Amino acid sequence: MTQTERDIITRCQQGDKAAFRWVVQTHQRMIFSLALKMLCDEEEAKDMVQETFIRVWQRIRDLDQQKTIGTWIYTIASRLCIDKLRRTNRIVSMPDDQLALRRYASDNDNQRTLENREWVAIVKTIVEGLSEKQRLVFTLCQLEGLSSAEAEQITGFDAKQIKSNLFAARQTVRKRLKELGYE
Amino acid sequence: MNKIDDILEGLKGQQPMIDDPEALTDRIMDSLPDLEPNQQEEDQQEDEGKARIVSFNWRWLAVAASILLIIGIGSTLWLKETPQPSVLADATITKPNPRDPQPTDLDTLEPRTSTPSTYVARKETLTTKPQKTAEPQVEVPQTQVSDHSNDHERADYLPLPTPDNEPQIHYAAVKSVVDTIYKDPARMDEFIAKMADFNEVEGILLDCTGGAPDSTVISKAYVFDDKEELNIFGRLLQVACWYDSKTPGYMLNFSHQQLFFTLKDMHKNQKYLWIAERIIGDRILLYCTHSPIETNVSSTCYQKYREQLTHSNLRSLPF
């Protein structure tokens, strides 16, 4: 955590909402990304971002400044997403979702920025059949591009759990994509 | 990009866009609870609550302490106004000085109603009525025996003597707390009295002072039928064996013809003597006496009475 971040957090802990606005602006996209890939619903993802920052604000005084605030916010968001997934019905991809994946796969530009509805469709298609834990680890490590160490800090899992969940998730995704005709 | 690895690699690290990030930020900021003032308020309320609880507790503690104090003073005063004669007083003041006239009318005292918690009352009794110096008179030993029988037990819950009460309370009343071998010799008399009462044998008081009348010397004689079913010797021996041989003044001699048993009660400054003897006519003469340790007791009375029994017509004797 940089000195600037420390100062910002200190001000937040003193109840400075302007400082907290900076925190929200800095991290809301990251949390939105996680929430959208986990929940596969844009509005629910926005609600999740809002709920996450409310929690962060309420517990900002508990934050140990030795830790990274991004990781801490990720942790809160991850737990909220897991709770949400457990309460909602299983996400099942529809034929239109598979078409969105096919369009993305057929595009030669794999760096193309996807629209949110495309993200929802693609993730729905490829993560179908994953458990909540596998889905979280897969989202963090595979889709968000975080390291295993970061995933450990966020989820609270140990390295072995991260590795096994990620391995199982990849196997399931590969199997799923093979069933859809991908190599 | 039909390869799975390419698809996954293409998705890696991409972040969806928020269509209107500023709106989402405003929405989040608007929904934030106004924590700081509330939190401070909560903290203040908590502190006030704690303070209230503390002050509330202190108030109740003060009230409870006051009530207890009032009850304590009230009960003390009440007990002082209505003194309850207790055995403690009797036990502790009967023998402070062997030369003083000793209370012998223990049977005239009120029944014991004192409990350990009324020690204060007994102490008050002790100080306000230090000497129950009744007029010298002959008492019925069994009553006295029963009065003495529990003295050492009652003394168990007495506090150790303090400079305030030490001069007034006999040391025996408190020393018994650590006196593990102490057994009241008067219980021997109590047993004999009960045995006589059960067999309808009347005890005869003897004057064994040998000179001026001394109410501190209590002598009594019983004449039992020497029947096997009564087994007086055996029973006396059983009771005598109840006492530890380390008891002060312990001396036990017995034969088929005679049983001789002595004890001293250092707590009450008393010495005890029991003589059981088979006499003619298939009878057993049991002589019991106790007196202050320093007092000389003449055996003449016993010998005279024994002689009277053995040379007189049995029917003419008052039993």
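The buried residues of α6(A) are A:Trp119, A:Val120, A:Ala121, A:Ile122, A:Val123, A:Lys124, A:Thr125 and A:Ile126. Here a residue is buried if 20 or more other C-beta atoms lie within 10 Å of its own, exposed if 12 or fewer, and partly exposed in between, with C-beta atoms placed from the backbone. Helices (H or I, at least four residues) and strands (E, at least two) are DSSP runs numbered from the N terminus.

A quick word on conventions: this is a predicted model, in which local features need pLDDT of at least 70 and side-chain atom pairs count only at pLDDT 80 or more, while totals for chains, interfaces and linings use all residues. Residues are numbered from 1 along each chain as its sequence is written, and chains are lettered from A and ligands numbered from 1 in the order in which they are written.

Back to α6(A), which is mostly covered, with 8 of its 11 residues buried. The cover over these buried residues includes α2, α3, α5 (95–106) and α9 of chain A, along with α1 (4–11) of chain B.

That brings us to the interface. Chain A places 33 residues in contact with 27 residues of chain B; two residues are in contact if their C-beta atoms, placed from the backbone, lie within 7 Å. On the chain A side, the elements giving two or more residues are α2 (17–39), α3 (42–58), α6 (116–126), α7 (132–143) and α9 (159–179). Of these, α2(A) gives the most, with 10 residues. This side of chain A divides into 15 nonpolar, 11 polar and 7 charged residues, where Ala, Val, Leu, Ile, Met, Phe, Trp, Tyr, Cys and Pro count as nonpolar, Asp, Glu, Lys and Arg as charged, and the others, Gly among them, as polar.

Chain B holds an open sheet of 6 strands in the order β1-β2-β6-β5-β4-β3, with antiparallel pairing; strands pair if DSSP finds at least two bridges between them. The edge strands, each pairing on one side only, are β1 (204–206) and β3 (251–254) of chain B. On average, neighbouring strands of this sheet are turned by 15° against each other, direction ignored. Within the sheet, β2 (218–225) and β6 (283–292) of chain B pair in the antiparallel sense over 8 bridges, and B:Val223 stands opposite B:Leu285 in β6(B). Helix α9 (186–198) of chain B lies across β2, β5 and β6 of chain B, running at about 145° to β6(B). Axes are lines fitted to C-alpha atoms, for helices over the stretch in contact, and angles run from 0 to 180 degrees between N-to-C directions.

A:Cys40, in the loop between α2 and α3 of chain A, has a positive phi of about 55° although it is not a glycine. A:Cys40 counts as buried because it has 22 C-beta neighbours inside 10 Å. In chain B, the loop between β4 (258–265) and β5 (270–279) contains B:Asn269, whose phi is also positive, near 60°. B:Asn269 has 21 C-beta neighbours inside 10 Å, so it counts as buried.

A:Lys160, in helix α9 of chain A, is exposed because 9 other C-beta atoms lie within 10 Å. A:Lys160 and A:Ser148 are 12 residues apart in sequence and 9.9 Å apart in space, C-alpha to C-alpha.
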